[in-house]
Every structure is written in structure tokens, then in C-alpha cells.
Protein chains: 4
Amino acid sequence: MWLRVSCNLAFDIEIPTPFILRLRPRSGAEQWIERDEFKITPNIKILEFTDDYGNLYQRFVAPVGKLSIYTSSDVKTSEFVDVNFDAPFIEIEQLPNDVLCYLLPSRYCESDRFNDLANSITLDKPAGYKQVFAIEEWLRTTISYIPGSSDYPISATEVYQKRSGVCRDLAHLGIALCRSLSIPARMVVGYLHQLQPMDMHAWFEAYVGGRWYTFDATQTGQKGGYVTVGYGLDAVDVAIFNQFGPVAHSLEQSINVVQIKN
Amino acid sequence: MWLRVSCNLAFDIEIPTPFILRLRPRSGAEQWIERDEFKITPNIKILEFTDDYGNLYQRFVAPVGKLSIYTSSDVKTSEFVDVNFDAPFIEIEQLPNDVLCYLLPSRYCESDRFNDLANSITLDKPAGYKQVFAIEEWLRTTISYIPGSSDYPISATEVYQKRSGVCRDLAHLGIALCRSLSIPARMVVGYLHQLQPMDMHAWFEAYVGGRWYTFDATQTGQKGGYVTVGYGLDAVDVAIFNQFGPVAHSLEQSINVVQIKN
Amino acid sequence: MWLRVSCNLAFDIEIPTPFILRLRPRSGAEQWIERDEFKITPNIKILEFTDDYGNLYQRFVAPVGKLSIYTSSDVKTSEFVDVNFDAPFIEIEQLPNDVLCYLLPSRYCESDRFNDLANSITLDKPAGYKQVFAIEEWLRTTISYIPGSSDYPISATEVYQKRSGVCRDLAHLGIALCRSLSIPARMVVGYLHQLQPMDMHAWFEAYVGGRWYTFDATQTGQKGGYVTVGYGLDAVDVAIFNQFGPVAHSLEQSINVVQIKN
Amino acid sequence: MWLRVSCNLAFDIEIPTPFILRLRPRSGAEQWIERDEFKITPNIKILEFTDDYGNLYQRFVAPVGKLSIYTSSDVKTSEFVDVNFDAPFIEIEQLPNDVLCYLLPSRYCESDRFNDLANSITLDKPAGYKQVFAIEEWLRTTISYIPGSSDYPISATEVYQKRSGVCRDLAHLGIALCRSLSIPARMVVGYLHQLQPMDMHAWFEAYVGGRWYTFDATQTGQKGGYVTVGYGLDAVDVAIFNQFGPVAHSLEQSINVVQIKN
């Protein structure tokens, strides 16, 4: 399916403020960007670079006044996410070197504290995809998904105590549970077709059977329509923007996803 | 200045043919891509990746039938290239690690054979920008620039014997001469505003005074309007496409560059 | 000064256990490894790789029985750490791309929560080296350094509440304070000459004046003798080993540092 | 088998001369470096870095006087090289991204000129390992291996005309032939046990069946005992040292390989 995704941000800048944006989707294994637009007003010097996860960043210093950021892309993505109940657990010694970092605890995913819980959730499941599926199911039934209920990231431990959270929170807990079973898991931030209410979205991927699979406890079925903007260990790596210095006043943040063809 | 650059390629594919394209400009230090479009027909699976020089590649297997490739970008670039006659030679021990590879001979730039010539061209010039400028001037007056005069790359040695060449040939010889003086030099392929006749273009950059500067013996003055598509050691690294197997019949190749705003 | 550093580890392995080691120092800007020895017994297949921070890792699966790891290196390092009170704060827009990741909060360094404290500690200090020096001094006088007092990492917030900690804890708090002032800071793990009691050591580096400087609140003066084994965002990235599965019984862990010549 | 390899170089330096060395073997998939020694006299500042092929480099400026370089390593390597006649050709679209560069022509391997020859050599062979084996056999019987017969690299075309060459020359021609069949091939430089006469050695690897296999037309049978020092596109990337400026007078170059245990 073909989606047109767009994001509009505006800020009122009171002192010159360094920004780092992570809003530009890249073509990759699962999506093709046929058209891409990225307008920043006023017309300032912008540098673009990639990190080691393959994310695309823009750096600039916003001058005093109104700052507008508009990005829009036409993306080919799948109507259904790939599912493979037979995908086996990959022994740590067989994992590619660049997947190993997704096994360790990170800022918001304290996987070192979830071993007992993960074992109880996945009891009797064969190691691999079915374990992650059980974790996703458990999240869906145990942690209430309440969009807009929190403004800043909390860690998996806090999510588990609260028993509710936004998409990012459910992903953090899912990632922590997977890693505690030695299954590599990573955070994904991007767009999702027909998300209610529309906003940037977060989900997670787990590495089983030799590749990454998509999991999202906020949705049901195998519905696709995902557009990846960034990968990371957790929310730290995939903020859609970072600003430095006094927080600029946000004037607007609107997200749009429409299907433009099959 | 803002340019809209576009490239149209079409091929008649007789057997399934792997392609690698290098046609998508990326935002970087010297240019900002505000809009980017990339259409490949028919609608096939395409993978995109970057290499260690920062170039963006697309990989796919073209099925039998007509293959169309259309790419178009709106780019902010400089009206004049940067010039700095005082930029000094950088001692080899001060060069960044990732610049060292541009000191060595490569497939089409046999810099190990040009030391005497480079010394005679740059006699009495202080080490640095003025040496490269003397090389550029020497190319301009010694090697006839004849667009369209050759179809496949020849090496700097052959260019020097022929005393004429296409843009790529002049760049190869310029690079070989710079490297023979221990000045890092690299090939650049991309678009140039008002190039006559319009085509993809090649020029070179030399590393002096701690950064890369643009040189182009096919042009005069300090005219800008360059849009970089790829960097490399020489033409091997920056072909706009590679195909593997029997050569597909090319149906069309058209390049367009227009100024869309100041 | 020339140091011979060595580490002896031994484990009793009850089931085949994947290990990742980070114990092999590499030559770099600040140290030269003239001799290096790395013995793992029994004689098993080991893979070595580097990560994006430049750390060197070894991967293997330890079979049932006794596992011995012995590493020893002869290293040239400085007798005194570099100090430069005039090194200025580098504006975020001037930072190299690969330094930016050291500005963000990480698992054990919640820099997003330390802005007020950092400002009060560095009040009246010019931005740059002197701010970091004030942080180091504050740590030295405020947080009691108690070697061996904790076995697993705690985060900067917890360290601040406890008012005491091991070397790793002081480094975590120092890093969090620097980052909250937009000064990049990173964790370093390695050896230190004449450390009392001898053990692996942790300290931090801050990026001011265009390069990294060493800070260590557990020591006084400008004493050198540091040998870096690994860099990272925090303790997550620089564990000297990770094992997966049931924790293997540690039989021995001994560290040795002796000066072998001037 | 365990080998102790060593290299002794000495130069008489008349003016300060930048050097880049590539002499330090690294542990990897096929070898484990248990002990490594690297002494450079006089005692100067040396920087070490890795390139994108994974090679380890040392940079320094040699002062006037005698320069001595001594490196020695104890390495575990295989007694026999891996052979797999059934390893199939990998379609270009299935090759990993980082293998693609080994398909293209390079300075000394003009693979674009060898298609007919490669086809005639491999006539009737199934695509894959058996093609490369046929190339190796053809080299062995067609190109005389004459150690010490040339001092500087010549290209595959020149080797083919000369019908004789040193190890490096045979590797260049083998690589060019493989690439012309769309089989990735790379240069390897290192040590070989029982090489006659003892010297640094060069051979090539071809990527078939999803991994790299060793080929060496200068040897017979499946004899192992190889120690890799560097990988590259061709001899340009894997010189054991580069010096810049007037060529320093070489006082000594001795290579030693002895077996120290099974």
C-alpha cells in the first residue's frame, strides 16, 4: 500500500536554539520512499547526517522568531506485517555483531530486572517468535493503552508498576521483557496508518529466526501500514527532535497519514 | 540558489538484470535537498543502502520488459564555489584518518606516475590551494575538453597522452596530479547548472586548508550551481548505475537542471 | 610511562554459556600497546569484532568446565593527565556528529534531571573546562568514594541520593551533570596505576575545547597512568564482560598494574 | 596450528617522513591472535586506526636517523584451507551490501576486460566454487610464479601479457577473472607458513556459497598456515607500508614464520 505521511511542527524561538531532528524516513528493507519533502523556514544552514543505526538526522540552529518544519513523504509499505510463528530463537553466538547491542539493558528498558516476569509470561512457549507473541499478548491484556496519557518517557519498571501507558511505554516494557529472554529487541518510531488518535507512533521489533519482526501491543491483528522513521535502543535514540537550552514554545504539532494508492 | 535537477533513464530488459543505482543526491555540508522524487517502473522491490563514502545506492533486479527510472530533486546550493588561495597544504600526519585513502593511486588515477609532471606544473607555487589551482589552470589550457568524445573511462595516463577528454577524464588527471603532491583528491559526480551540453557531470575536490574545495577544469571563473550525487576515488566508485550480465539496451537518458528560485 | 596491565578471570561453567569480553586495550590517541597477550583456556573458537565506539570485543561460548581468561598488555601512557583550564565550551552546532550521542541521557546517566544541580555547582564558572573541573571537585567533596561498596551499577539519581559510591557511580553522576550543561561526556573503563585497592577502574571524559579531557573524582592532582579498555555512554557499554543465561560461578578475578619503565 | 610470525623493517631516514603501516594482524573469523608485539624505535608518537575493510593501521612521522619496526604475533590458524566444491554462485541481488565493492574493477584488477577469457577458462563449470577453482588451476598452469621477479605491482592485463609474476600478480589476475564472472573477489596480504623463499605473501579470496574462500595459485593442495594482515580491493589497499615524500633507504626487511605448537 502507498501512504502519504506528513508532519508539521512550529516553534516560537526566543533565543538561538540548536535542534536535532529525526523526522525523515529512509528507504530500506521494508519501505520505499518514492517522494520526500522537507521544508524548514526560515531558510537556514542545515546539516544532515546518519548514525550507526541508519537513522537520518538534521542539525541546525534555529534563529529567534517562528520556526516551521514540514516534512512529507510518499511511502510504499506492507498492508500486513510479517508473521512467522515458527521463527526460532537465535542462539547468542549466532547473532550478527550489530544485533548484540539490542540484548543489553538501556535507559528506559531495564531488562536486567525482568527475567522472572518474562519467564512466567512465556511459560510453555517454544523459544522464539511465540515467546515474543506471548509478551505482546500479555502487554495487550495487562497494560492499558491510553494515548496521550504521558508527556515524557518512563522506564519499563515504571510502566509495569503503573499498568498503563502510551505506545512508547508499552514498547519499552515489551523490549525489556524480550531482552531478559536474550531475544534482541529494538524501539521503532514512525507513522501508522489509521492510528487513533493520529500522532507519531512507537512500536518494537524483535530479532528471531534471523530477521526483525514487528510487534505492537497497541494494535490487534496483523494490520500493517507502518512507516519507520527511526530505530534505537529505546526512546532516548528515537526522539523526533531534540532541542538544547531553554525549551522553545511549541506552536503546532500535527501528523497526517493518508493512503494514496494500493 | 535553488535548482531542480532530474534524470530520466529507460532500458529494454531482455533477461532479469541486477542493477545498482547511484542517482539520489543527499543533503550534506554543501547542499540541502528540500524535495526528492524517485520513481522506478515497474513497481518492484528496491533496497537502499549507503557506502562508507556516504553515497546512497539502490539495488534491485529489473524484470524483463521496459525499465524506467525517474529521479528529481529540489536542491539549495551555492551560486559560487568557495575559493581560498591561502588554504595551506596539510601535512600528511595532520590529515583525518578518513581522508588518507584519497592520497593513494586508484584504478583510473595512477598518481604514482605523475610526480615529475606535477612538480613542473606547480613550480614556484606555495604548497596548498595555489598548487591545485595551477593544476586546474594547466588542465584547462593543455587538455582539450570535448564533451561526448568518449564513452568509457580512461585512466589519467591515457588522458595525458591523448591531450583531450570528457569531464571525467580531466578530473582523473587532476586527481592523479594532486595525489602525486600528497594532496588528497576525490572524484565528484553530479549535476551542474547551465552545463553545455546538459549531461551528468564530473569534477574533483582537493583537500587543503582542512576542508574540501571544488575544482573543475571544464568551467571558468568561480561559477557554482553544483549538485553532488556521489563521491569516490575515481570513476569506478561513482558510476550513476552498474548493471550486471548482458548489457541492457538503453532507450533513453536525459538530464535536466533548471533554476527554480534564488 | 610504561605500564604492564593484566587481568585474570576464571569461571566454573555448568552449562554452555555465551560470553562477550571487553578486556583488550587498543592503541589510540592516548596510548600505545606495544605488547598484548590474550589467552583463553580451553582452546575454543573465538570471534573478535569492534563496535562503533572503537571498543574491541571477543565472543565465544564457554563449554562446561573451568574457563580461564588471561590478558596482559604493555602500554605507553602519560604520567600526568592533560589539563587545560582555558578549553572553552563548544557550541552544540560545532560538535562533530559522532560526539552528539554523548549529550543525551542514557541508562545510568539521567542528565535530563540534573540541570538545576549542575547550574548551582558551576555558578560563576566560564563555560567549558572550568565547569567540568567544578563538577569533579564537587563530586570529590560531596560523594564519598567507597571502593567495593556496590556490586552492580546504580544510576546518577540513585548515586546522588546515596551520597556515596564506587568509581563507576561517581563517573555516572559526573557524566549526568556535564550532559545537563550540554557538555558531551562519556564513560571510560580501564586500568589505573597505583589504584588502591587494585581493581578495574572507571572514570569519565568531557569534550571541551575540541577534544576529550580526562576527569576522575576518585583521585587528586593530575596524576596519570590511565590505560583505557573501553568507551561508552555509561556502564552498560563498558562492562568488561557479559555472560548470558544462568550466571557462571566466578572463581577468580585479579587485576594487576605495574610500571615497567619510564 | 599455532604460528609465530614476525617482520623486521629498518630504514635510514634523511628527512622527517610520514609513514602508514599495515602490519598488525587482527583476530577475526579465521585466526586468533594470542600474543602480539609491536615495537617502533625511536620512541615516537604513533596513532592507530582501522579502515572500513577492518585493517589496522599505524601512522607516525619518522624522525631523521634509523627507524626500526618489529612486529611479532602468535596466531592460531587452520592447517588446511576450507574447500567446498558445492558452494554455489550467489546472485548479485543476494550479496550483502558490503561485498558489492568487490565486484567492480579496481586499480590493478581491470575486470571489465576479462569476460571472454574468464568464460573460456570456466567453460562447462557450474557457477560458483568450481569456477574459481578452475581459475586458480588455470593460473597455476598458465602464469609462471617467479618469486622476487618484480618490485612494484602491475595490473592484471600486464600480468596476462607477461605470463609470469610474483604472488601479488597472480592474485590480481585471479581477482580480475572472478569479478568478470560477477563473483566478488578480494586481495589478501599476510604470512604463509613454509613459503619458499620466506617473504610477505599475497593471495585472494572469492565469495561463493555465502562466505569467503581462500585461493592461492602459487601453492598446491589445500595447505593452510595462512595469517591475514590485510584485506583490500587490490595491492593498493594492502601495501604493508606507505611512506610519503622522498623514498627512505631500506636497511632491512626480514620475515619469519615458525610453527610453535599444533
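This is a predicted model: local features need pLDDT of at least 70, side-chain atom pairs count only at pLDDT 80 or more; totals for chains, interfaces and linings use all residues.
For the bounds, domain 1 of chain A is 2-78 + 240-261, and domain 2 of chain A is 92-221.

Where do those two touch? Domain 1 of chain A puts in eight residues, and domain 2 of chain A puts in seven. On the domain 1 side, strand E1 (2-13) and strand E14 (249-261) of chain A each bring at least two residues. E14(A) gives the most there, with four.

Next up, chain A against chain C. This contact takes 17 residues from chain A and 17 from chain C. On the chain A side, strand E2 (17-21) and strand E5 (56-62) each supply at least two residues. By class, that side of chain A splits into 10 nonpolar, three polar and four charged.

Last stop, a helix pair in chain B. Helix H2 (residues 129-142) and helix H4 (residues 167-180) of chain B pack at about 145 degrees, axes 10 Å apart. The crossing of H2(B) past H4(B) is right-handed. So who's actually touching? From H2(B) you've got Val132(B), Ile135(B), Glu136(B) and Leu139(B), and from H4(B) there's Leu170(B), Leu173(B), Gly174(B), Leu177(B) and Cys178(B). Tally the contact of H2(B) with H4(B) by class and you get seven nonpolar residues, one polar and one charged.

That's my tour, thanks.

Terms used:
Residues are numbered from 1 along each chain as its sequence is written. Chains are lettered from A and ligands numbered from 1 in the order in which they are written. Axes are lines fitted to C-alpha atoms, for helices over the stretch in contact, and angles run from 0 to 180 degrees between N-to-C directions. A crossing is left-handed if the near helix is turned anticlockwise from the far one by less than a right angle, and right-handed if clockwise. Two residues are in contact if their C-beta atoms, placed from the backbone, lie within 7 Å. Ala, Val, Leu, Ile, Met, Phe, Trp, Tyr, Cys and Pro count as nonpolar, Asp, Glu, Lys and Arg as charged, and the others, Gly among them, as polar. Domain bounds come from an automatic or database domain assignment.
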